[in-house]
Every structure is written in structure tokens, then in C-alpha cells.
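Please look through the structure shown here before reading on.

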Amino acid sequence: MREMRPRHIVLFIASCLILLGAICAVAEYEKSWLGPLRWPSLSSMLSTQPKQPAQPELANDLDLEADIEPEELVPFTVSDTLTLLAEVEETESLPEPAEAEMPSESAEEMSPTPVVKPDTLPEVKPATGVLEAFIAGLADAGSKQVRVVHYGDSQIEEDRITATIRRNLQAKYGGGGVGILPLYQTIPTRTIRQTLLINGKPATSKTAPKRYIVYGPKNQQREDDIYGPMGQVAVMDTSLRAGSDSLVLHIEPNGKRSSSTYFSQVRLFKSDNIEVNARSADILTLPDSTNTCTLEFIGQGDVYGVSLETPKGIIMDNIPMRGGSGNVFTRMNADQLRTFFRETNTRLIILQFGGNVMPWADSPERVRGYANSMRRQIRHLRACAPNASILFVGPSDMTTVIDGERSSYPMLPVMDRQLAQMAASEGIAYWSLYQAMGGWNSMMAWGEKGLAASDGVHFSQGGADKAGNLLWKWLETQINKRK
Amino acid sequence: MIDILRDIFMYDTAKPLLFTQFYFWAFFAIVYALFALILDVGTKKSGNSRGRMHLRNIYLMAVSWFFYYKTSGIFLLILAFVTLSDWLIAQQIHKSLTAERSNSEAVKQRSGLTARLWLALSVIIDLGLLAYFKYAYFFTNMFNDMFGLEWEVFDIFAYIGNGFSESGRFMVDTIILPVGISFYLFQVISYTSDVFHGRVQSVKNLLDFGFYVSFFPQLVAGPIVRASEFIPQLYKPFHLGRRQFGIAVFWILNGLAKKIILSDYLAVNLIDRVFDNPLLFSGFENLFALFAYSMQVYADFSGYTDIAIGVALLMGFYLPKNFDSPYKSQNPQEFWRRWHMSLSRWLKTYLYIPLGGNRNATFGTYFWIILIALIALVLTGSWIATAVIAAIGLTVAIVGLTVPSHRKLLYANLNSFIVMLLGGLWHGASWNFMIWGGLNGLGMIVNKFWRVMNWHLRMAAMLLITAGIYWADQTIGTPVWHLFRVWTLILCAGTIIRYIYWLISCLIAERSNSGAVSQRSGLTSALGTAWAVAQTFTFITFTRLFFRSSSNLDPATANQVAWETATNMVYQIGGAWDNSIILPFIWEYRYVVILFILGMVIHWLPTKFKQWYRLNFALMPLWLMVLCVVVAIVIIYQFITADMQPFIYFQF
């Protein structure tokens, strides 16, 4: 055949389609013949509705003694894995208090492939008066500092979410500055640009003072537990020669100026033998409100952070712990934390974790194991900050791929409810970011509006602003309720 | 069943007819069956009768319009409008030119002017539509910035569509870019211009012309088919050799594999994640994602055109080649001869040559320089950027006027730089596309000068640049300078080796008294080529930092997001790397890494070898080809990502 007529080509196309259709039929009736190959069934090809994996039933038979197996971790990024591995090694299980028990259901009653609407999950009755310490403390904001510390995972990096809450709180109760910053910033924030100059040249992670990170891999952790309130410390050691080497930190606003970028004092968290601008005091009062400053560090010892603030009003810290799941506070020196919370009048600690364990927490047992480990962290923090309220912000909705279809992590609703339960039983506040976003598959819906990153896990900048606003609205309602 | 029919026939933004969707191939199978019915029912001879050809053209136009309706809904009216307006205008141009040929001198002059005015009207309408849909936000921002206004875009077409109301079915406060508008408007401009220059006869039949404008395989993302290449095919009977058929099937499979395996899989599993949040990833991961993005853009766009060429060929139509293994290029000029060839050719014919090409600078040259300087002012809000561009234009003008020996060289470079900048702006009215176009233009010019330098001068220039960048890195020390320092050190090392090789060659030539430097041996020649290819690929990849735009309609936001992405990626790549992460990364992303390497290796295979296996595929027995198609589709399906991935070039 030297020429192809259209009728020959029709036959060719038809042959291909028939063979492919035959494979569809096999996939419909005897999928095992295809082995590991994915192929759509006839019914799914002809269906006009997109297939979505079912939302799972909330499991109630959680095993408190669940062991965490690092080798099964599925990371978002490689650095997440390294961090998570480091954290997990330290995680311990605690016996669960009796009041934390969820309503139980026998295994027989559980459907193997359940489809459950969120409203069928067991309700959690939140503890009352959990934000009392914070709300009462706000009354003093006119005369002294009231501090809010926001710890979280990569979801709050770049000052995301925190910036929105801080802006609103400072607009309402006064205050300025962005709170605590590390000496050497490895992840720029959208609010502040900071440059560390060593002998006049910008520092790199090689030339900057050695950094130890409590949530980092083993080789980045220090032998003792003195990490400071940020969980990271920069050590100015003998490699920097006092008198001949200069170490200068320059701070300026990044982009738009706002109330948060203006500050009038710098609080230094450091060893006593380090001098800043030729003074050993912990608080440098600036002559006037400013949005830039230059600090020269001299001496040897630890620098835990530099806080930009005003003498009164709201000071809010953004402390992201990349790849972390929040299981690190017990490894941070309790005395140091206690001093920090007390001296800075910390009235609210926000913990925003859980997302990084979702790829690993694929069973109710593991979900409970994680919630349980967080219980221990909360107790530790409460002991360190008895005057502060604690608010746990649960993980956002997160998308994964199951059998070729995108959907929320099956255990997310379980995790959300389990953390709410844990928070209620510990007498702390809980805000479900997952529910506020819209619940099941909401990250996909946010993505369609440009509010989510394509990894289905993080927000876009617009999404982070929206999430921040949602949290602020909730917080504002809680404050108003009490009034 | 009603749902399926509705899915097939009704416009649904979530279900466009994409080449990667089952619905497209079901649609194509039905379309082709009717196509065969039109051409093949009856005797063999009648299949090629004029009446049948005409019927075929009308049928394919109707199908193409349906295809565009499924992709863009009501925007079909714009396609219909430009088809009608340019057809009518071309008729008028043709009439004026006919009068010019047959009449007295005075009438000739008048007719020439009339034809020119008709051509101008066509260009104004077409570019006006493009400006309205593509640059409305940009112009609104420009006026707001210049006069302190707070205007918002207002979609007049939506207003009319709502029955002169601001509320109704269509939103008046957003202007959506119709899919493929940049492609088919360029196509109709080429038609009126070709008619004006006598390169093609005006098409008598509106439906034939409509078919040319809307032919569905290439309607939404090219190749941009010039009138003179396609219109003659409208009047040719169907003929498809056995080998051509095999080649068409090969192109379709090749395109599907490129799009789904190389583009979508890499994008979903790595590239999008990194570009969305560069700071979450280490320097190495960012660098890898950037190179992978280079591969993705190529695989995505060339995959689309491979399928378009294959599908058109099955219907007996030849579309021009759009890519010729562009990452094999040894310099930026060559890259632009191999990349998006239909756009490059269009820009050369309808922009570069009218601007004066490599001979002269025209009014257009200076007009564009001034306009681009103004655009730079608006986009950056910086007088410095504007002054730099204006100064370049002025310097070239002065040197061109005062030093005639350099005039041609300068004008040629200025014109090609303008073409590259406008080529950038064609992709979107944003600063990042201008930087992208500008960098490509600059790369071409620098390379041109580099190639005419002797080796001593090259070495001196390279050492000077390296020292300058080293000094800047030591003084300023920001990540972007670290990045440049590493890059120039590699370039400098390569240049030193090549310089030494050249010196040795000269010495040997002198000793042997032959006087001429001998030709490079096979190995050194291959090394030289590999070096040039690697440099060009790296340069093009670097420009891609600015190519990935945000999907936001508002250019101010899009610019900000794109700029932040680029700076954050540079921050990570130019910052100190955490080397401990490299091996775990390669392991975690092993499939992505393997696919990327495989893609590059296939891309760099010798052309002859590729022709050999393409031909062997084309000549295999039909039953075996059917089996190959089925196996290939099953394999490709394994890589399908859960989300529908639109083709990147649909946005332009």
C-alpha cells in the first residue's frame, strides 16, 4: 500500500480504539489481569463526574502506644524529611489521660470503605475560658507589652499568617515591631529584610556564626538544650576575633512599611558577654520610632534572637520551624523558656503544627500517637508559661494523590478532630484551619482560586492572607465574646 | 447519555478539548470518520474532485469552529469577526493592487496608497483586539500610575453581551484572554500582509479563508501558519503516502509522550512545587527545578505542536516545523532559529525586515525604542531603566550616523534587540517577559560580537569580566553575584582551556610550516560543540527564571509574584548550598531525575538516528503499528497526573 486513503485511516483509528476499549473492559471486570498497571475502566471513561476518593470515617480505636517509624516518612521536601527524622527520634509516647478518650466504636461497626460527611464525626466539646489569660492580658496593652508567640511549621514561613494577626492586634491594641528575629535569617520574610555583615561583607551560611537548630537534623543540634525561645541559636565563637572582626546586623522593612515595621526598642536575647552597639544591656532604647536599625555585635557567646518592639502594646513573634511537627519544646531548656515568657509578658502561645506528619500519619493509631506527643509538649509549655493561654491551630487541608486522583489526606479529618479532642482535654484553645478552609478537599478549591500552591500543601501569598484573616476573625470573636 | 452529549457539545471551562484528553480523541475519531465519508464515498477519483475539496474545507471549518467554541465559548465571535474583517480587507487590497497594475500613473499611486491604508486598517483592528484582550490591564495600570487615577478595566464586550448592562451573564470587571488569540491574530496579519506584498492571492471564498484561520490542530497554540504556506493547500486534493501516515502517527505519540511524561510529570512532581515556594527548597533543588523547567517548557510546547502536525497530516495538511531540537543550539541565534520557529519566522518577515533588517534603521526602529522605553518606565516606575534603554537607542543612532562603517552592524543588532523585546512582550505585558526578551536579545548580540573577536581579545574580555564579577561579589556579596561568580568562573575556565588549545594549534601549525591551523580532531570538535551547547542551554535556562509568569490577570500582581519567584530562586541558588541534601534529594526524586536525564539524552540524540527510528516506525506493518500505539498509550497513561495540565502556551 503506497497511499493511505481516509477510510484506511478510519480503520486504523478504530482498531486502536477497540483494543484500548478492550483494556478498559478488562479493567472494569478483572482488574487483576492488568497487574500494577493503571488503566481507566469503561464506566469511568463514560462517566461525566470526576472520581474522588472517599472521605474516611473517623476512627476511634486509637492506640496510644503507637511507635513512630522514621523509615516510612513521606516528606514534602528533603529538608522536611531530615528535620522530621530528627524530631521523631526524640518523640516519646505518653499514657493518655482517661478524659481524652474518644467515644469508641467496635471494629465490626466500621465500614471498610466508609464515606463520611464531616458532621458525622464525633463532636468535640471545646474547653471554656481557654483564652482567658490572653484576653485579660489585653487590658494591659495600653501600659505594657503583651506578647504573642506564634510557633509553626513551614506554613507560617516568611511571616505568613502571623503578619495578618499581628497587624490586626497592633491596630486594635497598639504596639509595633515584628518581634523576634534570628541573628542570621536563612529564609527571608515578607515584612523585614535583614542583612548580617561580617567585616563588611554579607554573611553566607558558611561564614555566618554557627547555627544550632533544635528542630534540625542531628548535625545541627547542640549537645545541651540551650536554644533560646526560637529553638535556634547562633554561636559567636573564637572564629570571630573580638576587636578585629566586626559583625553587623542591618534591619530594614521589606517592601511596604506598616505599623509592624516601626519599632522603638530592640530587645536582645544573648549571652551576657556579648555587647551590642558597645553596650551589654538587653534592651536598646532607640531615640525615636524607626523602621531601620544597625546593630554591631562584639564578643563571644550565644545569640538567641533580636526582637524589634515597642515598650507597650502587642508584640507578636513569628517562629517558623521548617519541617517540624512541634515535638521539640521539651528539648528546649525549660528555665530559659520560662524566663522568656515571664519577662516578655507572653499571654498567648499559638502552636500551628500537624501538617508535616500527615504523609506519615496514615492510620488512626499514628494520628493518636501524634496528638499524644503534642499533649506532652503542651504540658511542658504550660509549665513554662503559666500566665499564657495556648491556642493550637490544626493543620490546613492538604492534598495528596490516591489511585491517580487528588484528594485530601484521608486521615486529615481524623487528625483535626483528634487534635481538637486533645486540646479540649488539655484545657487549651483549638482552631481548626481545616474546617475554616471548608474541610474536605478545600485546598483544591483554594488552589482553583489561586490561593494555594501547586503542591496542594502550602498557601499562596493570597491564600496565607486569607487564612490569617480567618484566624483573626475567629480570635476577634473570642475576644468580643468575653467582653 | 444526556450528560455525555452535553459534555460533548456544550462549552464547559473545565472541559476544553485538549489533545491530552480522551474527549479530544473521541471527537477526532468522529470528525475523521465524517471526513473520510466526504472524501472517500464513491469512486477513488471523485474523492479529489473540486466539489469534494470545497465540501471538505467547509466541513473542517465547521469542526474547527466547534473546537474553538468548546475551548473558548463565546469568544468564537472574535474569531468570526477577524475572519470576516480580514477577508473583506484582503479583497479590497487585492482590488486596489489590481487597479494599480492596470491604470495610469496617477491611479497607480492612489491605488497603492489605498492598498496601504487597507493594510493599516487590518493591522490596527487585529493589534487593537490583541491590545484590548492582552494589554488592557497593563494600559489601565499605566494611566493610573501616570495620572494618579483609580480606573478599573471594563469589558465592553461583556457589557454588550449583558444587553448593555453591568450585571448579567458576563462579568464586566474582568477581561479574560481568549485562548489562542495571539496566534490566530498573527496569522491573519500575515495573510493581509502577504496579499499586499503579492506573496499570496486573496482567497475568494470566505469559508475557505475561515478554514485557514481556524484549522483546529494549530488554532490555539500554533504553529503560526503563514498564509503563503497554507492557502495553496486548500486547493490541493487529499494525498497521504503510507510513510507520511506513519510519520503522522509517530508525531502524535511523540507529542503525547513529551507532554504527559516529560512536561506534566516533572511539573507536578517537582517544578511547580519549587517555583511556588522556592524558599522551601535548597539551592541545588532550585537549580535542578530551573533546568527541569527548561525541559518542561520545551516538552510542553513542542509536544503540542508535534500532535498538531500529526493530526493535520492525517487530514492531508502540512504544518510547518516549529522546533528543531533547540537545546542542541550552540549559540542564542541558533536557538532562536530552532525554537518556536513559526514565531521567529513571523517576527523576521513582518517585523524585523520592515524595521530595516540588517541594513538600515527606519522610523519604526526609533518608534519602538521610544515606546519600549516608555513601557519600561511604566513597568519599573524607574527613570533609570528608561534612561538606559533610551541611551542605548540614542548611542546607536549617533554612532550609526557618525561612523558609517559600523552602521549596518549597529542597526542590525538594534533591530534584532527590538524584535526580541517585542517577542517577550508578545508573551505578556509584564516586566519579567521584557527581561526575558531583553536577555535573549542581549545574549544574541554579545554572542555575535564574541564570534568575530580573535582569541587574544576573547581571553582578555573573559578575564576582565570574571575579575569584574569577582570584585562585585566580594564587594556586594548578594546571592545573585555568587551565582554570576560561579557561572563566569566556569566560563572563564572553559575559555582558558580553549585558548590554550588554540595557542598549541598555532604553535604546531607554525612548526610544521604549513601556516594554517589544522582542523580540530573529532574528539576536540565534539568537546567544543558540547561546551557551546552546554553554555547556550545554561544561558537559555537562566532566562527562564523570568519566563514563568503568574496566572494572575492583574499585571501588577503577576509582576510581583513572578519577580519574587525569580529573586527567591536566585537567593537559594546563589546562597550557600547544603550539600548533605543533594543525595537524599536525588533518591527521593529519583523518577523525576531519571526522566529529566532521559529527556535530555533523547533530545541530544543525533538527528540522523532520530530520522532512522522515525522512519522505521513509519514503515512498520500497520497491524504492528496499531499494537505499538496501544502499548505506547498504556505506558503514557501511567504518567498521567491527577490534574488536567493545560498547555503552557495556551496562556499567550
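The model is predicted. Charged pairs come first. Side chains of opposite charge can pair when their charged atoms come close. Over all chains, a search of the whole structure finds 26 salt bridges.

One of these salt bridges joins the side chains of Asp302(A) and Arg222(A), with an N to O distance of 3.1 Å. Asp302(A) belongs to strand 12 (residues 301–309) of chain A, while Arg222(A) sits in the loop between strand 5 (210–213) and strand 6 (232–236) of chain A, so this pair ties together parts that are 80 residues apart in sequence. Are these two residues buried or exposed? Asp302(A) and Arg222(A) are both buried.

In chain B, a salt bridge forms between the side chains of Asp264(B) and Lys259(B), at 3.0 Å from N to O. Asp264(B) has a relative accessible area of 6% and is therefore buried, because buried means under 20%. Lys259(B) counts as buried too, with 0% relative accessibility.

Another salt bridge links Arg338(B) with Glu334(B), and the closest N and O atoms of this pair are 2.9 Å apart. How are the two placed along their helix? Both lie in helix 12 (residues 332–338) of chain B, and because they are four residues apart there, about one helical turn separates them. Arg338(B) has 18% relative accessibility and counts as buried. Glu334(B), at 15%, also counts as buried. Elsewhere, salt bridges with shared partners connect Arg147(A), Arg267(A), Glu309(A) and Asp317(A) in one network.

The next topic is how two helices are packed. In chain B, the axes of helix 18 (residues 455–475) and helix 19 (residues 479–511) come within 9 Å, crossing at roughly 160 degrees. That angle makes helix 18 of chain B roughly antiparallel to helix 19 of chain B, because angles over 145 degrees count as roughly antiparallel. The crossing of helix 18 and helix 19 of chain B is left-handed.

The last topic is the surface. Which residues form a nonpolar patch there? The patch is made up of Phe154(B), Ile156(B), Phe157(B), Ile160(B) and Phe164(B), and together they have about 480 Å² of accessible area. One of them, Ile160(B), is found in helix 6 (residues 156–161) of chain B. The relative accessible area of Ile160(B) is 42%, so this residue is partly exposed.

Terms used
Residues numbered from 1 in each chain as written. Chains lettered and ligands numbered in written order. Predicted model: local features only at pLDDT ≥ 70, side-chain atom pairs only at ≥ 80, totals over all residues. Heavy atoms only, no water. Patch = residues over 30% accessible without salt bridge, like charges linked within 9 Å, V, L, I, M, F, W, Y side chains within 5 Å. Areas by Shrake-Rupley, 256 points an atom, 1.4 Å probe, with all protein chains shown as cover. Salt bridge = Lys/Arg side-chain N within 4 Å of Asp/Glu carboxyl O. Buried < 20%, exposed > 50% of the residue type's maximum accessible area, 1.4 Å probe, protein only. Axes fitted to C-alpha atoms, helices over the stretch in contact; angles between N-to-C directions. Parallel < 35°, antiparallel > 145°, perpendicular 65-115°, else oblique. Left-handed = near helix turned anticlockwise from the far one by under 90°.
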